[in-house]
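This report walks through one structure, part by part. Keep the sequence and the 3D view open while you read.

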Amino acid sequence: MRELRAWFRCIRGCEGEYPLEQVLYHCPKCGGLLEVAHDLNALKERSAAEWKQLFDARMHTNEWPFGSGVWGKKEWVCPGIADDNIISMYEGHTNLFWAQRLGADIGVEDLWVKLCGNSHTGSFKDLGMTVLVSVVKQMVANGADIRAIACASTGDTSAALAAYCAAAGIQAIVFLPRNKVSTAQLIQPIANGALVLALDTDFDGCMAIVQQVTRDQTIYLANSMNSLRIEGQKTVGIEIVQQFDWQVPDWIIMPAGNLGNITALGNGLLMLDELGLIDRLPRLAAAQAEHANPFYRSYQRGFASQERVIAQTTLASAIQIGNPVSYERAVKVIQRFDGVVEQASESELAEAAARADLTGMYCCPHTGVALAALFKLVARGEIKSSDRVVVVSTAQGLKFTSFKTGYHEGTLAEVAGEYRNMPIELRADADAVNQAIAARLSGK
Ligand SMILES: *Cc1c(COP(=O)(O)O)cnc(C)c1O
Ligand SMILES: [Zn+2]
């Protein structure tokens, strides 16, 4: 087989190929974002059937590094890296859950939830971070002077960066908006030994600072404008199709903030298409919180221009972003996939999460945003009852305890709490207990 190659190129089509081991985040010619390109002709030397067989054979094995959901697709992600330099915690291969009761409830029987939060640091950010940190490890092994990796984060990115850096023995630096991430999120980078800088600003403000700091080439930038992350994240779409035995669902819905992940989802699916593993594309839906909805607004105007907003506080803290970095990439993806952008209010996202929890899930607020979008698209008839629909659940609900307790205690702003369920405090008395049980079982 010919040697497989991948390189950075400009997403706007400027000429130039740059090695993945170069410290470069933007096109030197136009300043636009970069993307990772693959030598598709070399990849085509293996047939679609051979790729499927190879990927299936690696699933859940312990053969380093191919047992990882990301590195099991190494040839499509980052073929040039030495296996010894890969930093992996065997991310990916998360459960694709048949949401039977919720689906029956909304009249979409073929409803599935991809539980990406069941991952090492509790969110799907692990998929991208394993690639970025591995490339840095490779760069250091090649002699590059890189002292640290830095990111601005609403929580999950910093948790993933801190864990993968700790596993690699590289210092992580994380910039967080002060008082805007949950304690549960803050504690992960702290535990993993990151330098945690809590700034008096919002996510977009942290983003501006980290871009200044990483002008120093020895501090490597880990935000998703760095397209290495997108290469790892794109495996989620490939994995969903693989889990359906290489059948394409009709819809995939994902919560969206900085728009790197909806882009990645599209890129993975396009690669499946280009290499002949699938013969049609699903439709994609990007779901935004109404309090941070610049992409929704742009969509409403037919993407005539990029809208920017000052993001308002939202329970969906990981997508509280007013000026999304990957806007240009995401527009291309939504257009290519005949996609839609929907939004959810605080009330809609919280009620949707609680409703799904009552069918056995434990949804983070971002998953609530995606579910609320699903409910709206079904109600509008855009999603049909016969469609196979996948909702990407992006983080583990256990990271968002204050969201859950706030919901059930009835203390969340703008949320009525239709499905609240509080413990009943009783005397230690069998009659009182029997009464409480009887009342619940009779539905009163
Ligand atoms: C990062 C993140 C998202 C959104 O991804 P973007 O690339 O920022 O659009 C959604 N949900 C969770 C839990 C996240 O951490
Ligand atoms: Zn360019």
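## A helix end at the surface

Ala191 lies in helix α7, residues 183-191. Helices (H or I, at least four residues) and strands (E, at least two) are DSSP runs, numbered from the N terminus. Ala191 is exposed, with a relative accessible area of 65%. Buried means under 20% relative accessible area, exposed over 50%, and partly exposed in between (1.4 Å probe, protein chains only). Ala191 and Ala167 are 24 residues apart along the chain. Their C-alpha atoms are separated by 12 Å.

## How to read the values

This is a predicted model, where local features need pLDDT of at least 70, side-chain atom pairs count only at pLDDT 80 or more, and totals for chains, interfaces and linings use all residues. Residues are numbered from 1 along each chain as its sequence is written, chains are lettered from A and ligands numbered from 1 in the order in which they are written, and side-chain values use heavy atoms, with hydrogens and water left out.

## A parallel sheet of four strands

Four strands build an open sheet, ordered β7-β6-β5-β8, and the pairing is parallel. Two strands pair if DSSP finds at least two bridges between them. The edge strands are β7 (195-199) and β8 (219-221), and each pairs on one side only. From one strand to the next, the twist averages 25°. Strands of a sheet pair through backbone hydrogen bonds, either parallel or antiparallel.

Look next at β5 (residues 148-152) and β6 (residues 171-177). They pair in the parallel sense over five bridges. Ala148 stands opposite Gln171 in β6.

Two helices lie across this sheet. Helix α8 (residues 203-213) lies across β5, β6, β7 and β8, at about 145° to β6. Axes are lines fitted to C-alpha atoms, for helices over the stretch in contact, and angles run from 0 to 180 degrees between N-to-C directions. Contact means heavy atoms within 4.5 Å.

Which residues touch the most other members of the largest nonpolar core? They are Trp76, Val133, Ile149, Leu161, Tyr220 and Phe295, out of 104 residues in that core. A nonpolar core is a set of buried Ala, Val, Leu, Ile, Met, Phe, Trp, Tyr and Cys residues joined through side-chain atoms within 4.5 Å. Helix α5 (residues 125-141) supplies the largest share of this core, eight residues. A second, separate core has 43 residues, including Leu102, Val108, Ala289 and Ala344.

Leaving aside neighbours within four places in sequence, its contacts include His38, Trp51, Phe55, Glu231, Lys234 and Met271.

## An enclosed strand and an enclosed helix

Strand β11 spans residues 340-344. Five of its five residues are buried, so β11 is largely enclosed by the rest of the structure. Both faces are covered: Val340, Glu342 and Ala344 on one side, Val341 and Gln343 on the other. Strand β10 (residues 283-289) pairs with β11 in the parallel sense over five bridges. Ala289 stands opposite Ala344 in β11.

Helix α15 (residues 365-379) has 15 residues. It reaches 21 Å from its first C-alpha to its last, close to the 21 Å expected at 1.5 Å a residue. The expected span is 1.5 Å times one less than the number of residues. Of the 15 residues of α15, 13 are buried, so the helix is largely enclosed by the rest of the structure. Gly381 follows α15 and has a positive phi, near 80°.

## Cysteines

How many disulfides does a search of the whole structure find? The search finds zero. A disulfide here is a pair of cysteine sulfur atoms within 2.5 Å. Cys27 counts as buried, at 3% relative accessibility. Cys30 counts as partly exposed, at 32%.

## Backbone exceptions

Most residues other than glycine have a negative phi, and most peptide bonds are trans. The peptide bond from Trp64 to Pro65 is cis, with omega near -10°. Pro65 sits in the loop between α2 (48-58) and α3 (74-77).

Trp246 is not a glycine, yet has a positive phi of about 70°. Its loop runs between α10 (235-243) and β9 (251-255). Trp246 is buried, with a relative accessible area of 7%. Glu414 is not a glycine either, and its phi is positive, about 70°. Glu414 is found in the loop between α16 (401-409) and α17 (430-441). Glu414 is exposed, with a relative accessible area of 53%.
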